[in-house]
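I opened my notebook to jot down what I could look up here.

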Amino acid sequence: MSGEVAVLGVGMHPWGKWGRNFIEYGVHAARAALKDAGIEWRDVQFISGAATMRCGYPGYIAGASFAQALGWQGAEVNTSYAACASGAQALAAARAKILAGGCELALVLGADTTPKGFLAPAAGYRPDDPDWVRFLLGITNPTYFALYARRRMDLYGATVEDFTAVKVKNAAHGAANPNARYRKRFTREEVLESALVADPLRLLHVCATSDGGAAVVLSSVEYARRHNRKAPRIAGISTVTPRFASSEVEMPDIATDSAAAAQSHSFRASIAEHAYAEAGLGPEDLSLAEVYDLAASMELDWYEYLGLCRAGAAEELLRSGATRIGGRIPVNPSGGLACFGEAVPAQALAQVCELAWQLRGQAGERQVADAKVAISANQGLFGHGSAVILKR
Amino acid sequence: MSDPQQHAVLEGWYTLGPQPHLIGSRCLSCGSYFFPRLSTFCRNPLCEGERFEELPLSRTGRIWSYTNACYQPPPPYVSPQPFVPFAIAAVELERERMIVLGQVVAGVQVERLKIGMPVELVLETLYREGGQDKLVWKWQPVDQP
């Protein structure tokens, strides 16, 4: 894949538990992004929405729902579903349209309204749906997070103190973020005293589910140049699928692939590898990273999957302070999911918003000094994951 | 099936007699195992197999990782009232080179579990409905009396 596109503008609706229709958050974020981009909605030629399964038909057809709410103006439309990576897939569709010469200006957005408590599957007797089966067995999302966490403890000597340190770090980062839902500087003691959810993870190690919306305006590089705009560029987007035999216990499956007759592959490592290859950049080029800390322990996994350190060295990297703002490679300067909670279709785009603000030097108190290249990474259900690389 | 009051909560996924086992399948072309069983098109991208044999998966394996559920999961999980926390294990089957998740038998807490610990598959009641036991597979440490 060659060719870059410009991130002309970004915008968000603050994360929270607002209980309103998801379209409101999306339109709020879209208007903010359009204003940031200095363009009018009527100039947008392609609208790409990230779907939300929870919000009925308007959610399934998010691109059209947002277009109608913004006011039908004849733009071409796309809707993408890829669980937590939906936003990145919607972004990839818009980039492809621009690079193919099909449009110059595209609006990408995602928003969600979530229920209280665990995310749950659709009802009925549906044994063909692995998501339904695992809930029947009592296996929730935190089950998977905890299985990975326990594995790190056993393989690499990670401790609950390490997981807690990730949460405390991200809480300190997010305290300065006006779009974050949780802006409290949680202490080690508060984290360790919170209720056990899935041993060894406690409530404050695991991210909440939130309402929120995020939007990104993309343009061709030529458009940005013509209008004299210094916009960050998207240098790589990865939406790769796993390779058989995928070695990881993937949500929502209750069994892995069998490696009896095929080589075993790590899906999560391949997500970043593809983005680096597209961008012609590597982990050594990064100024910062936004990663999917569904649980604090999973941020440590991402250090390794992104190549910030070798396998088994994530705890050492964390303890050295390198991943704090001011460190060598700050991770989750936005506060991450620890401070936002997960608004599934908006989350990959929220990550891109943070990368853009960081590269533009507009991240305020959470600014990473002289940020030049940044990566986001996430992973969701059913073999979806994404990484996006922005450069100045 | 010996007891008419006992039913699999997921019919056809495991046997109900003594020495129960999960029912998987194996591609006759490439030898990959699948659970839940697959009988249509092989998922190995290098294989065009469309014929499978149904077979019992290994009844024993080693714990790859483990955790527990301290909060009541949402439906379709059917919870006793009040909710009773339970342990969960991801178990590596050696022959199949596959990891299978499942609850750990009632009464065994996470403190008793270790990565690498040998476990075997047993059946336990997941819940009762209309006078019937709805059975599911669970993992039991092999030193369990």
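Entry one, a facing pair. I looked up B:R26 and found that B:Y33 in β3(B) stands opposite B:R26. A reminder to myself: this is a predicted model. The strands β2 (residues 23-27) of chain B and β3(B) pair in the antiparallel sense, over two bridges.

Entry two, the sheet around that pair. Which strands make it up, and in what order? I read the order as β3-β2-β4 (chain B), three strands in an open sheet with antiparallel pairing. I noted β3 (33-34) and β4 (52-56) of chain B as the edge strands, each pairing on one side only.

I found chain A divided into domain 1 (5-117 + 211-233) and domain 2 (141-200 + 235-391). Their C-alpha centres lie 23 Å apart. How many residues of domain 1 of chain A are in contact with domain 2 of chain A? I got 35, in contact with 35 residues of domain 2. On the domain 1 side, α4(A) gives the largest share, seven residues. By class I wrote down 22 nonpolar, nine polar and four charged residues for that side.

Last entry, A:V216 itself. Leaving aside neighbours within four places in sequence, I listed contacts of A:V216 including A:V7, A:L91, A:L349 and A:C353.

Terms used: Residues are numbered from 1 along each chain as its sequence is written. Chains are lettered from A and ligands numbered from 1 in the order in which they are written. This is a predicted model: local features need pLDDT of at least 70, side-chain atom pairs count only at pLDDT 80 or more; totals for chains, interfaces and linings use all residues. Two strands pair if DSSP finds at least two bridges between them. Helices (H or I, at least four residues) and strands (E, at least two) are DSSP runs, numbered from the N terminus. Two residues are in contact if their C-beta atoms, placed from the backbone, lie within 7 Å. Domain bounds come from an automatic or database domain assignment. Ala, Val, Leu, Ile, Met, Phe, Trp, Tyr, Cys and Pro count as nonpolar, Asp, Glu, Lys and Arg as charged, and the others, Gly among them, as polar.
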